[in-house]
Structure formats: C-alpha cells, structure tokens
Amino acid sequence: MIYYVLDTSSLLRALRDGRIYELLEKGFVAITSLVLHEIKSSTSKIALDSIKDRLSIIDPTSKSIRYIQNIASKSGDIPALSDTDISVIALALELNEKEYKTVVVSEDYAIQNVCKILGLHVIGLYFGEIKEVFKRAKKCLVCGTIYDPSMNSCPSCGSGNYKLVRIKQKRKS
C-alpha cells in the first residue's frame, strides 16, 4: 500500500475538487497534526470531517524534524519552509525509512526541492513538479562571491548587496 503525505494547500485543493477520494482509493492519506491545525475555514473543516476517519494523522519525531531542518538549511530552503512544511517532509522520510511506498503531494517548490534532495517521491497534483534540484545562495553584487543565504554580508568583501541565485545540485542517491 502507498502513503500519500499531503501538505496543507494540497489537502485543501484535493478536498475542494474531490481528488482526495482518488488518493484514498489508491492508498492511505497521511497528514501531520500541524497540517490539521492549519485548516481554518468552516467549509474546509466540514469537508475534512467527512473523511477524517480515513486519514492517518501522524507526527514525525523531533529527530526527523531536526534532520530535515539541517538538510533544508544546507540547500538554502529553510527560509521558505514553515514548521508545517518541515513536519510533512519529516513524516514522509520516516514512512519511507519504514519501507512504506511514500509520495509527498505538494505544489510548494521548496518542499519539492528538499524531498528530491532526500530521494523522496513527490508529485504536484495541480502545477506539476520541479525538474531539477537547486541550492539557494547569495551572490555578492560587489565582488561576485557566492555564499550561504543565512549570512548577512559577503564573507569576501563585507558588502550586504546581493542577489539570490539558484545552483543546480545533485540528488541524494
């Protein structure tokens, strides 16, 4: 059996257009409690209540969360990921490590990027998925040095003037 691990926006879209039932027919749909807590509208809550008994609500371990934060920091994706996003990736990683066939369903390119770095299968039901894996970095506009996006200024010249760039990266094998 397959686990589909959904982020909040994909869950909401799938509930709205009925694609959630396609996923439930093919396998298990798993979300984290953080995804559940992001559901705010009464319409979405009603739709969610109709399938709640068919959802697997699973929270990843803090160890997995820290691991994902570390990977996302190295790839430069950490500023684009919420705690909920990180929990979704961590859950998928845990299920995958337990040898369940796992697919992350997300339109979020930062989530997709980290998943692909980890070798996790990811799909975008609505907007497709990224074709290549990238690392985000800063490029100094004064001297051209490429440096870590978490740094405030260029390590070579000290300038704070930069542009964000993407560097193609190899996937984890």
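First, the ground rules. The model is predicted, so to speak of local features pLDDT of at least 70 is needed, and side-chain atom pairs count only at pLDDT 80 or more, while totals for chains, interfaces and linings use all residues. Residues are numbered from 1 along each chain as its sequence is written, and side-chain values use heavy atoms, with hydrogens and water left out.

The overall layout. The protein chain has seven helices and eight strands; these are DSSP runs numbered from the N terminus, H or I of at least four residues for helices and E of at least two for strands. Its C-alpha atoms fill a box of roughly 60 × 35 × 30 Å along the principal axes. Of its 173 residues, 46% count as buried, meaning under 20% relative accessible area, with exposed over 50% and partly exposed in between, for a 1.4 Å probe and protein chains only. Contact means heavy atoms within 4.5 Å. Among contacts between residues at least 6 apart in sequence, 61% join residues at least 24 apart.

Next, the helix pair. Helix α5, residues 62–75, packs against helix α7, residues 109–118, at about 105 degrees, with the axes 10 Å apart. That makes α5 roughly perpendicular to α7 (65 to 115 degrees; under 35 is roughly parallel, over 145 roughly antiparallel, the rest oblique). Axes are lines fitted to C-alpha atoms, for helices over the stretch in contact, and angles run from 0 to 180 degrees between N-to-C directions. On the α5 side, the residues are Tyr 67, Ile 68, Ile 71, Ala 72 and Ser 75; they meet Asn 113, Val 114, Ile 117 and Leu 118 of α7.

Now the rings. Rings of Phe, Tyr and Trp (its six-membered ring) pair if their centres lie within 6.5 Å; planes under 30 degrees apart are stacked, over 60 edge-to-face, the rest tilted. The count comes to two aromatic pairs. Tyr 3 and Tyr 100 are edge-to-face, at 5.2 Å centre to centre and 75 degrees between the planes. Tyr 3 lies in strand β1 and Tyr 100 in the loop between α6 and β4, so the pair ties together parts 97 residues apart in sequence. Tyr 3 is buried at 11% relative accessibility, whereas Tyr 100 is partly exposed at 38%. Ring pairs link Tyr 3, Phe 28 and Tyr 100 into a cluster.

Last, a neighbour of those rings. Ser 56, in strand β3, is buried at 18%. Leaving aside residues up to four places away in sequence, Ser 56 touches Tyr 3, Phe 28, Val 29, Ala 30 and Ile 31.
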